[in-house]
Amino acid sequence: MKRFSLHQRLRYDYTSPVRRLQHRLMVLPPAVHGDQTRLSYRIEVHGNPVEAVESVDRFGNVVIDLRAWRVADHVEFEAWSVVERGREEELIAGPEVLAGLGHADVMLVPSALTAPDTALRAAATRLARSGDHGLDLADRVNAWVFAAMRYGHDVTSVRTTAAQALAVGAGVCQDYAHVMLALCRLLGLPARYVSGHLRGEGGSHAWVEVLDPSAGAVAFDPTNDRRAGPTYLTIATGRDYADVAPTYGTFCGTGRGSLTTSKELTVSAVDLLHC
């Protein structure tokens with residue numbers, strides 16, 4: 001068993017006072033996800049009195065909605081969580097995880113950021129000719145996306161679609177995940193976007209879970225050409241990035257806001273019990 005400690009800090013600074021701040025955070029791991037169990041968590045807000053409301057969305061993600069009538073110059077959010085993971089080599093949530101989801105069909109439908117174009121349809125046709133099915137086909141898609149893309153910052157944005165990223169042939173983990181999602185859905189493989197963290201990486205990470213009736217939710221990381229393993233920590237899942245954005249919000253005022261973030265993910269304990 002591995003126990004992860006995650007500490008995240010998000011700070012917004014404003015050039016002048018703002019009013020009617022409404023902010024959504026999706027930075028806490030779910031209570032349970034596959035072999036991942038959240039043991040404890042806490043959220044703190046600094047800078048202004050803020051009303052915080054916790055809820056769970058239709059995909060099972062933990063959502064924190066924050067509201068403040070007035071913010072003078074900044075507001076800062078800190079989140080701590082401790083998560084325990086089992087010893088599986090790959091991230092797999094068994095078939096029982098699909099029983100209560102009720103949204104596997106949704107994960108077959110193109111979303112705004114994964115809508116296919118001619119190039120994606122052509123790629124799916126070529127991949128289908130392999131004759132592979134299920135997770136074997138997902139492995140093939142994973143490898144194809146890795147080979148087709150080049151990792152690069154400042155090439156895309158959070159609004160870049162899978163079709164646009166593939167046309168450029170470059171992007172970050174979010175773009176790799178969107179391209180794989182688009183192809184999986186074209187090939188009849190229900191798949192969902194995963195946001196989370198990878199130990200040893202500086203920022204947040206994104207990958208894909210393919211929902212297989214016999215195996216459950218199996219995680220693939222097209223950015224690194226592998227199945228996701230025990231160093232991955234899931235925060236949220238959805239149709240694409242728009243469903244799981246870690247932070248976004250609105251406010252009234254003429255000032256401009258700037259975001260500063262930091263994250264620390266450590267293994268706080270390792271249980272080496274052998275059965």
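In the predicted model, helix α2, which spans residues 118-128, has four residues that are buried: L120, A123, A124 and L127. Viewed down the α2 axis, these buried residues fall within an arc of 100°, so they line one face of the helix. An α-helix has 3.6 residues a turn, so residues three or four places apart point the same way. The cover over the buried residues of α2 includes three further helices, namely α3 (134-148), α4 (162-168) and α5 (173-186). At the N-terminal end, α2 is capped by D117, a side-chain oxygen of which lies 3.3 Å from the backbone nitrogen of A119.

The crossing in which α3 passes α5 is right-handed. On the α3 side, the contact involves A138, V141, N142, W144, V145 and F146. These residues meet Y176, V179, M180, L183 and C184 of α5.

For the protein as a whole, six helices and 17 strands are assigned. Of its 275 residues, 47% are buried. Among contacts between residues at least 6 apart in sequence, 74% join residues at least 24 apart.

Key. Residues numbered from 1 in each chain as written. Predicted model: local features only at pLDDT ≥ 70, side-chain atom pairs only at ≥ 80, totals over all residues. Heavy atoms only, no water. Buried < 20%, exposed > 50% of the residue type's maximum accessible area, 1.4 Å probe, protein only. Helix = DSSP H or I, 4+ residues; strand = E, 2+ residues; numbered from the N terminus. Arc of directions from axis to C-beta. Contact = heavy atoms within 4.5 Å. Polar contact = N/O pair within 3.5 Å; in protein donor to acceptor, adjacent residues only side chain to side chain. Left-handed = near helix turned anticlockwise from the far one by under 90°.
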